[in-house]
Every structure is written in structure tokens, then in C-alpha cells.
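Please keep the sequence and the model in view while reading the numbered points.

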Amino acid sequence: MNNPYEHAVTQLKLVAEKLRPQYEDKNRFDAAITLLSKPTQLLTENLTIIMDDGTTQSFEAYRSQHSNARGPYKGGIRFHQDVSEEEVKALSMWMSWKTAVADIPYGGSKGGIIVDPKKLSTSELQRLSRAYVRFLGTNVGPWIDVPAPDVNTTPEIMAWMSDEYEKMQEENETEHLQNPLAAFTGKPLDLGGSEGRAEATGLGGVYVLEELAKRNGWNRKKDITIAIQGFGNVGYWFAHHADKLGYRVVAVSDSKSGIYVETGLDPAKTLECKKATGKISECACDNKHCDISLGKEISNEELLTLDVDVLVPAALENVITAENAKLIKAKTIIEMANGPTTPEADAILEKRGIMVVPDILANSGGVSTSYFEWVQNLSGTHWSKTEVLDKLQPLMVSAFEKTWNMHEKTGDALRLSAYQVAVKRVIDSLLLRGKI
Ligand code: NAD
């Protein structure tokens, strides 16, 4: 099934079947599921901007606001040539489940523009970002919908967007009761961004790893081997914190290739070497030096099928497929990327007894720290990195425990268990509000 929105609706129906027996009033339950099967509001517009050469160009833009039953809509903005209405709708639904499983007071939304940002100059990109905020108009704001960065959108873009939002407020002379900076998260530190945001997603995944270790009796961490696909923001910080706690990170990769070091690699040295040489495959590094004789080059496909304890996809969607799921040797997968496992692969992994910690739980450290940024902006405070990361751990542990308990109670895989926790919370909020 290639349509992500159809995939998201199928998942919802599956969870609905599980939850329905728990609700006395079946009519209201069914009405809630019908409501949650589509976004509350889908905004689309063709944004026209003036290019540097004086010509004009138009770009299709979307914002899907799925549910605000639990709090303001929350979700990133993606700038990519493959953005589509169906993708944005699916991602907004998944955001509702992610914020619910993390138990933060947000709903779910997602936005995007069909554009290859590499083809735009910085000033064109800025005009497009500002045009996007104008398009959102009164549909964005600290208590309405709080966007964040996603694929190809950066803290700098969030800074332009916050600035445009503030300008709009001034023009409309709307009340300035809220800090306008709280309308966007993922901002630069100098403009209301949060300490710890960069490493939060990777670290949140390591808190999940620690919970698994407790339950699996992984006492000698040096014996637990980990392979990570993707050595960007999420992959690097996952590697860094796992290594710091004593786990053995044996392989990492980027879009070009990967490196395998049986005795365990040093993430900081590997990153330093990758920056210097541009080739991760040359970076077999322990904590003293890098020397290719310490390890060997591997391909991305080889990384996925390594004989390790934990496999961490932290790059792209749809990398674990029906073809390679049969070959995976890891007993545990922690999904740090969004949607790395196809539904067909998921079924194969479950049959093979491979435990998959789903993306909505494993990578929720990112949106949780966005929530901390919003809280700091609204209250006019600035927390230290230690304060931020100390608040993240109990949130991640609690989300994991709720999911694990559901898994133990029902015998369902962790993905279906996390969805049951999340969807139930959203439905209960709708019922409490008397919306249906
Ligand atoms: P990033 O751009 O910093 O890093 C991506 C990494 O993946 C890079 O090392 C890149 O070389 C590698 N990569 C690209 N194509 C690849 C391929 N074909 N094979 C193997 N590696 C490839 O991105 P990121 O912020 O680390 O995000 C990674 C994933 O995590 C994405 O799916 C993203 O949606 C998800 N995620 C990120 C955050 C966050 O806070 N950054 C939060 C939640 C989820």
C-alpha cells in the first residue's frame, strides 16, 4: 500500500477493533473513530513568491490539522519535492498519536510545501517561509497550532516564521497576551529555542533502550551490540548516549556507506573523522584514533542485516521491507526514523518474534522537548540543559511503561499496544468534551 493516508486509516481501524469492546456507548465510539479518520481541517494554497531574478513562481502548500482534542495542534513543516496532500494528512494523524502516547497536552498536525529547497536562494527560501505563515493566518498560534521543523526546515526557518507571525499580530492589532515566540518550536537558542533540543530525540531513544535492558536482563551492556542506520542528528545522539552508558555501538552509516567496528566504535571520533574526510566508510574509530584496520566498510543493506542485538533505523522511511525483513538478525528494533518499517515487513518481523519499538514512542523525545520549549516561551523562562533533559526522562519512561503494560496485558506487538494507549487517550478527550 503506497498511500500513507490509507495506511494510517487502516491502522486506526485495526486499533478501533481492539478498543471498541471497552466502550459501552458503541455509537459514540464509532462516531469518534469516524471523526478521527480524517483531519479536522485541511488547508491548501498555491503560494506565489517573487524570485531573485524578478520572475514569480508558485508552490503548493498544505497544513493538515488532524485533532486538537487534547490540546493545540502540533506538528512539523516539511519542505520537499515529494510532499503530497495524502502524506501530510497521514503525518498529521500520526502526530496526534505521538503526542498522545507521550502524554503531552497537544493534538496533531503537519504541514508541507512541494519544493526542493536546495534550488532556492536563502532570500527566496525566506520569502516562501514567510508566505507560508501568511497562508496559515489565524490558523496558527500558541493556543491554536504550533508548527516545528521537519525534513529540510531548520531553526533559521522557524526564526523567520516566528518573526512573520509577530508582524501579522502587530498589523492586526491582536492582543499581545501570548509570547509570539510560542507559536513555533525548534527555534534557534537566541530566539527562544530550548537547550537540549538537538540531542533530545536520540537521547529519548536511549531512555527507551534502557527500559528494554531492564526487562531483558541486559546487565553487561558491553555485550549488547547496536547497529544504527543514519548518522545525522538522531543517529549520532543515539550513538553518543548509548556509548556513554556502556552499550557497544558496532556500526553506523550515512546515505553513502557504513562502517563496522566489532569491538565498538567511538561516536564522537567517528563524527569528527566523517566531517574531516567526508567518508564514514573510512572512519573506523576507537576512543584513541581512527584506522581502517580497526573495522571494515559495509553497505547500508549489510548494516540492516548485521548479527547485532539492537537495530536502530534512524534515517529514512520504508527501509525495512518485505524483502529484507526475512534477513534481519537483530532481536530488537528501535524505530528512531519516522515510518522506517513497511506494514508488510512489520507482519514478517512480528511472526519472527522480533520486537519493534514503534516510532511514535521511540522518537517522541523530539516533540516532548518541543513542548518544553513552548512551556518556557509561554512562561518567559529559560531552563538549563540539565533541567530539560531531567524532565525528558520521566516522560519517556512513563510512555514506555504504559505501552509495555498494554503489550503484557493484550499480548499485542508494541506498535499496536502504543496505538491503543494513544488512540484511547484521544477518544476519551473527545468524549469528555462532549464533542460527539
Ligand atoms: P538528518 O538529516 O540529520 O540525518 C539523516 C541521516 O540519514 C544522515 O546521516 C543521512 O546521511 C542518512 N541517510 C540519508 N539517506 C540515507 C540512506 N538512503 N541510507 C542510509 N542513511 C541515509 O535527519 P534527522 O533529524 O537525524 O532525522 C532522521 C529521522 O528521524 C527522520 O526519519 C526524521 O523524520 C526522524 N525524526 C527526527 C527527529 C528530530 O528531532 N530530528 C524527531 C523525530 C523523528
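In which loop is Asn318 found? The second point below takes this up.

1. Basis of the note. This is a predicted model, in which local features need pLDDT of at least 70 and side-chain atom pairs count only at pLDDT 80 or more, while totals for chains, interfaces and linings use all residues. Residues are numbered from 1 along each chain as its sequence is written, and side-chain values use heavy atoms, with hydrogens and water left out.

2. Positive phi values in loops. Asn318 is found in the loop between β10 (310-313) and α10 (322-325); helices (H or I, at least four residues) and strands (E, at least two) are DSSP runs, numbered from the N terminus. The phi of Asn318 is near 55°, a positive value in a residue other than glycine. Asn318 has a relative accessible area of 48% and is therefore partly exposed; buried means under 20%, exposed over 50% and partly exposed in between, with a 1.4 Å probe and protein chains only. Asp103, in the loop between α3 and β4, has a positive phi near 60°. With a relative accessible area of 42%, Asp103 is partly exposed.

3. Strand β3 and its partners. Of the eight residues of β3 (residues 73-80), seven are buried. Strand β3 pairs in the parallel sense with β5 (residues 145-149) over five bridges, and Pro149 is the bridge partner of Ile77. With β4 (residues 108-114), β3 also pairs in the parallel sense, over four bridges; there, Ile113 is the bridge partner of Phe79. Two strands count as paired if DSSP finds at least two bridges between them.

4. The crossover. A right-handed β-α-β unit is made by β3, helix α3 (residues 85-101) and β4. Right-handed means that, with the strands pointing away from the viewer, the path from the first strand over the helix to the second runs clockwise.

5. Helix α5. The 18 residues of α5 (residues 155-172) reach 26 Å from first C-alpha to last, close to the expected 26 Å; the expected span is 1.5 Å times one less than the number of residues. Among the buried residues of α5 are Trp160, Tyr165 and Met168. What covers the buried residues of this helix includes β3, α4 (122-136) and β5. Just after α5, Glu173 takes a positive phi of about 50°.

6. Helix α1. The end C-alpha atoms of α1 (residues 4-19) are 23 Å apart, which agrees with the 22 Å that its 16 residues should span at 1.5 Å a residue. Asn3 caps the N-terminal end of α1, with a side-chain oxygen 2.9 Å from the backbone nitrogen of Tyr5. The cover of the buried residues of α1 includes α2 (26-36), α3, α11 (343-351) and α15 (414-433).

7. Gln11 within α1. Gln11 is placed in helix α1 and counts as buried because its relative accessibility is 14%. Its side chain makes a polar contact with the side chain of Trp94 at 2.8 Å; a polar contact is a pair of N or O atoms within 3.5 Å, where, within protein, one must be able to donate a hydrogen and the other to accept it, and residues adjacent in sequence count only if both atoms are side-chain atoms. Leaving aside residues up to four places away in sequence, Gln11 touches Trp94, Arg415 and Tyr419, contact being heavy atoms within 4.5 Å.
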